[in-house]
Amino acid sequence: TADPLLAANNTVVDLLPHQMEAVYGVMLPQPRIRHLMAHDAGAGKTIMGGLLYKELASRQPDMRTLIVAPAALTRQWQRELRQKFLVEFEIVDRESLQKDIEYWNSSNQLITSTPFARQRDVQATLANVPWDLVLVDEAHHMAGYGDRETLAYELGRILSRNSKHMVLATATPHKGDRGNFLKLLQLLDDKIYDP
């Protein structure tokens, strides 16, 4: 309450007005944050996700957070969170789970890749793991289809069911397929039936 912009004042980044508005004006006032953050490539969705994480974590230091991103972006997320938000996230991969099947519970700040986490055996290890915040980058890869559910969509449903707050970030939320877009929205709210 003393500093309503606590996270913004404790980062190493020059925040833009649209980033501040998205996090402080739209997301944080919600008691349960379930948002599709659809913005142009290069608009700073990673910055907004990091800012949201940092603000929520300042209010709840033991907050459990999982970031799911394409494999090529997991190290970038880790690096940007370290450099710009001064927080350390661990990357969970096959080697991590081989060492400890309960690795998801070993830390409150984890990053994993969509291709890894969507595998059935990995989904099984995530089935009952609770999260306070799940951030999905390039979330359009998780969208399902009317006649079939992809492994990535099944992963999205598991994470949605087990998380309080969930943010799906993508520059391409709608691929011209209303059913596909509806499935993406249903990861945030399963009561949405109109695309």
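Is Lys191 buried or exposed? In this predicted model, Lys191 is exposed, with a relative accessible area of 64%. The lysine also forms a salt bridge with Asp190, and the closest N and O atoms of that pair are 3.7 Å apart.

**Salt bridges**

Side chains of opposite charge can pair when their charged atoms come close. A search of the whole structure finds nine salt bridges.

| Salt bridge | Closest N and O atoms |
|---|---|
| Glu88 with Arg82 | 2.7 Å |
| Arg120 with Glu154 | 2.5 Å |
| Lys191 with Asp190 | 3.7 Å |

The pair formed by Arg120 and Glu154 links distant parts of the chain, its two residues being 34 residues apart. Arg120 belongs to helix 6 (residues 120–126), whereas Glu154 belongs to helix 7 (residues 151–161). Arg120 has a relative accessibility of 52% and therefore counts as exposed, the cut-off for that class being over 50%.

In the pair of Glu88 and Arg82, both partners have intermediate accessibility values. Glu88 is partly exposed at 46% relative accessibility, and Arg82 is likewise partly exposed, with a relative accessible area of 35%. Elsewhere, Glu149, Arg157 and Lys183 are linked in a network of salt bridges.

**Strand 4 and its partners**

Strand 4 (residues 109–113) is largely enclosed by the rest of the structure, because four of its five residues are buried. Strand 2 (residues 65–69) runs parallel to strand 4 and is joined to it by five bridges. Within this pairing, Val68 stands opposite Thr112 of strand 4.

Strand 3 also pairs with strand 4 in the parallel sense, here over three bridges. The bridge partner of Glu90 in strand 4 is Leu110. Between these two strands the chain passes from strand 3 through helix 4 (residues 94–99) to strand 4, and this β-α-β crossover is right-handed.

**Loop residues with positive phi**

Most residues other than glycine have a negative phi, and most peptide bonds are trans. Leu86 has a positive phi, near 60°, and is not a glycine. Leu86 lies in the loop between helix 3 (74–85) and strand 3 (90–92). At 57% relative accessibility, Leu86 counts as exposed.

Glu138 is not a glycine either, yet it has a positive phi of about 55°. This glutamate is found in the loop between strand 5 and helix 7. Glu138 is partly exposed, with a relative accessible area of 27%.

**His141**

Where is His141 found? His141 is placed in the loop between strand 5 (131–137) and helix 7. Its relative accessible area is 47%, so His141 is partly exposed. The side chain of His141 makes a polar contact with the side chain of His140, at 3.4 Å. His141 and Pro31 are 110 residues apart in sequence, and their C-alpha atoms are 27 Å apart in space.

Methods: Residues are numbered from 1 along each chain as its sequence is written. This is a predicted model: local features need pLDDT of at least 70, side-chain atom pairs count only at pLDDT 80 or more; totals for chains, interfaces and linings use all residues. Side-chain values use heavy atoms; hydrogens and water are left out. A salt bridge is a side-chain nitrogen of Lys or Arg within 4 Å of a carboxyl oxygen of Asp or Glu. Buried means under 20% relative accessible area, exposed over 50%, partly exposed in between (1.4 Å probe, protein chains only). A polar contact is a pair of N or O atoms within 3.5 Å; within protein, one must be able to donate a hydrogen and the other to accept it, and residues adjacent in sequence count only if both atoms are side-chain atoms. Two strands pair if DSSP finds at least two bridges between them. A crossover is right-handed if, with the strands pointing away from the viewer, the path from the first strand over the helix to the second runs clockwise.
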